[in-house]
Amino acid sequence: MLIVGRIGKPHGIRGEVTVEVRTDEPEARFAPGAVLSTEPGVPPRVETPRRGGAEPAATADPEVAYLVPDELTIEAARWHQGRMLVAFEGVLDRETAEALRGTLLGVDSASVAPPEDPEEFHDHQLVGLAVVTPAGEHLGEVVKIDHAPASDLLVLRRPQGGSALIPFVKAIVPEVDLAGGRVVVDPPAGLLDL
């Protein structure tokens, strides 16, 4: 699954939610009628004063917790003050919208065309690749991509355990060989010791 967004907080009382966009094509991915797969994040918690603890967000029936469906269909999407606001079919109130908070939205990666730019990659193309130095020393395996504000980061699983973060910039990652199943990394001294 290719992650295209993450549901944030509700907006208003009619079920709209904010979405943290993680795609270069938000108008295509969040078009009315588009169906997105879901991957529930951490369930939201709401305080319940009578118990003094926290309970999962619920539907109108307090005995039944809202279950995030496997797919959500876009009813409407719009930009508001630099944020994407989305209304999903069947999400009609703030409480249901709150239950969706943290849910990851995705599309089937097999249905996504590869990028036209040879220097651009989708996350799913990089995950699982071996990471080696220019001399061929095995450094680990890419387990995920973190999309940080300054640059994307390759998250490596190190052979001896632990992880490392590698900025995904040409100066440090001079070669991505999808056919060969490897990423060549030329890390500056100390980068892998952090």
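Which residues does Leu 105 touch, not counting residues up to four places away in sequence? In this predicted model, the list runs to Leu 2, Ile 3, Val 4, Gly 5, Ile 7, Val 19, Phe 30, Leu 36, Ser 37, Thr 38, Leu 72 and Phe 88. That makes Leu 105 a handy place to start looking around.

Zoom out a bit and you'll find Leu 105 in the largest nonpolar core, a set of 21 residues. Along with Phe 30, Val 86 and Phe 88, Leu 105 is one of the residues that touch the most other members. Who supplies the core? The elements giving two or more residues are β1 (2-11), β2 (16-21), β6 (71-80), β7 (83-88), α2 (94-99) and β8.

Now for the strands. Six of them make a closed barrel, and if you trace it you go β1-β2-β7-β6-β3-β8, with antiparallel pairing. From one strand to the next, the twist averages 50°. For a close-up, take β3 (residues 35-39) and β8: they run antiparallel and are joined by three bridges. Ser 37 has Gly 106 in β8 as its bridge partner, and Ser 37 also turns up among the contacts of Leu 105.

The other set of six strands is an open sheet, ordered β12-β11-β10-β9-β14-β13, and here the pairing is mixed. Being open, the sheet has edges: β12 and β13 sit there with a single partner strand each, so one side of each has no neighbour in the sheet. The twist in this sheet averages 35° from one strand to the next. Inside the order, β9 (residues 130-132) and β14 (residues 182-184) pair in the parallel sense over three bridges, and Val 132 stands opposite Val 184 in β14.

As for Phe 168, its relative accessibility is 21%, so it counts as partly exposed; the buried class takes values under 20%.

Technical notes. Residues are numbered from 1 along each chain as its sequence is written. This is a predicted model: local features need pLDDT of at least 70, side-chain atom pairs count only at pLDDT 80 or more; totals for chains, interfaces and linings use all residues. Side-chain values use heavy atoms; hydrogens and water are left out. Buried means under 20% relative accessible area, exposed over 50%, partly exposed in between (1.4 Å probe, protein chains only). A nonpolar core is a set of buried Ala, Val, Leu, Ile, Met, Phe, Trp, Tyr and Cys residues joined through side-chain atoms within 4.5 Å. Helices (H or I, at least four residues) and strands (E, at least two) are DSSP runs, numbered from the N terminus. Contact means heavy atoms within 4.5 Å. Two strands pair if DSSP finds at least two bridges between them. Axes are lines fitted to C-alpha atoms, for helices over the stretch in contact, and angles run from 0 to 180 degrees between N-to-C directions.
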